[in-house]
Amino acid sequence: DVAAFISNLKLAASLHSGDWLLPVIKANGYGHGLETLARALRGCVDVSLTGVAVASLAEARQLRENDWTLPIVLLPGYVTAQECEQGAELLLDPVVHSLYQLDLIFAASEKKAVQQPKRVWLKANTGMNRLGLIAEDWHSAYEQLQRADIDIVAMSHLACADELESSMSLQQQASFEVLLVDTTLKTARSLAASGGVLAWPTTHYDIARPGIMLYGSSPFAQRSAHSLGLKPVMTLRSRLLA
């Protein structure tokens, strides 16, 4: 139900206090069809999109082959030099969550094998403890990207946005704010995904990254999608065959 998808997208836009949305359409659009969702997003001109986010180079290539011209953020970033070259060919915005990924990007551009990306999403570990740079490494990477004249989105991810009684999200926001102290005014900021958009307005910053809410699912165990104003984008029906 593409209309339901767009309705959920517009709800995210209405709740978001920042400037841009980055819809997460990884895993074939959570099983809803990557190309179908890309067409729907292209037609939704009244929502400010800074691009879309995917989880694989194959998904990014599929989008480019279907005339997607806005930025594409590769959430895992690059693991090998070959991936770095392929990502440059596709004009991707890579996430950098480890210093070795930054080394890959600079090594490739120094060899003149590829152009360096115009924008990098620099991911900090503010408490999720899965992916992301510790503060010292994040600042080192930030300085290197600045010297290379690469645009930066300061990024982190809320670990417990679905736990509405927990203080963890606000603690992570405080850690994120500390990172931002020495950044320039033009550095964009992104912290909130679906849970943040719906329940933690102070974490919205410039760019929000709605994912599961776009497909009509609640990120909260105790709050239904219907109560949040979300519409189901997929319906499963069964029938008996004669």
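This is a predicted model: local features need pLDDT of at least 70, side-chain atom pairs count only at pLDDT 80 or more; totals for chains, interfaces and linings use all residues.
Trainee: What is the order of the strands in the open sheet?

Mentor: Strands of a sheet pair through backbone hydrogen bonds, either parallel or antiparallel. Here six strands follow the order β2-β3-β4-β5-β6-β7 with parallel pairing, where two strands pair if DSSP finds at least two bridges between them. At the edges, β2 (52-54) and β7 (188-190) each pair on one side only. Neighbouring strands are turned by 25° against each other on average, direction ignored; axes are lines fitted to C-alpha atoms, for helices over the stretch in contact, and angles run from 0 to 180 degrees between N-to-C directions.

Trainee: Which helix packs on the sheet, touching β5 and β6?

Mentor: Helix α7 (residues 135-147) does, and its direction makes about 170° with that of β5; contact means heavy atoms within 4.5 Å. Strands β5 (residues 119-123) and β6 (residues 151-155) are joined in the parallel sense over five bridges, with Lys 123 opposite Met 155.

Trainee: How many residues has the largest nonpolar core?

Mentor: In soluble globular proteins, nonpolar side chains tend to be buried together. A nonpolar core is a set of buried (under 20% relative accessible area, 1.4 Å probe, protein chains only) Ala, Val, Leu, Ile, Met, Phe, Trp, Tyr and Cys residues joined through side-chain atoms within 4.5 Å. The largest has 67 residues, and Phe 5, Leu 9, Ile 25, Leu 63 and Leu 122 have the most contacts inside it. Helix α1 (residues 2-15) gives the largest share, six residues. Not counting residues up to four places away in sequence, Leu 63 touches residues including Ile 25, Val 52 and Trp 68.

Trainee: Is Leu 236 buried or exposed?

Mentor: Leu 236 counts as exposed (over 50%) because its relative accessibility is 82%. Leu 236 is found in the segment after β8 (207-208). Its C-alpha atom is separated by 32 Å from that of Thr 50, 186 residues apart along the chain.

Technical notes: Residues are numbered from 1 along each chain as its sequence is written. Side-chain values use heavy atoms; hydrogens and water are left out. Helices (H or I, at least four residues) and strands (E, at least two) are DSSP runs, numbered from the N terminus.
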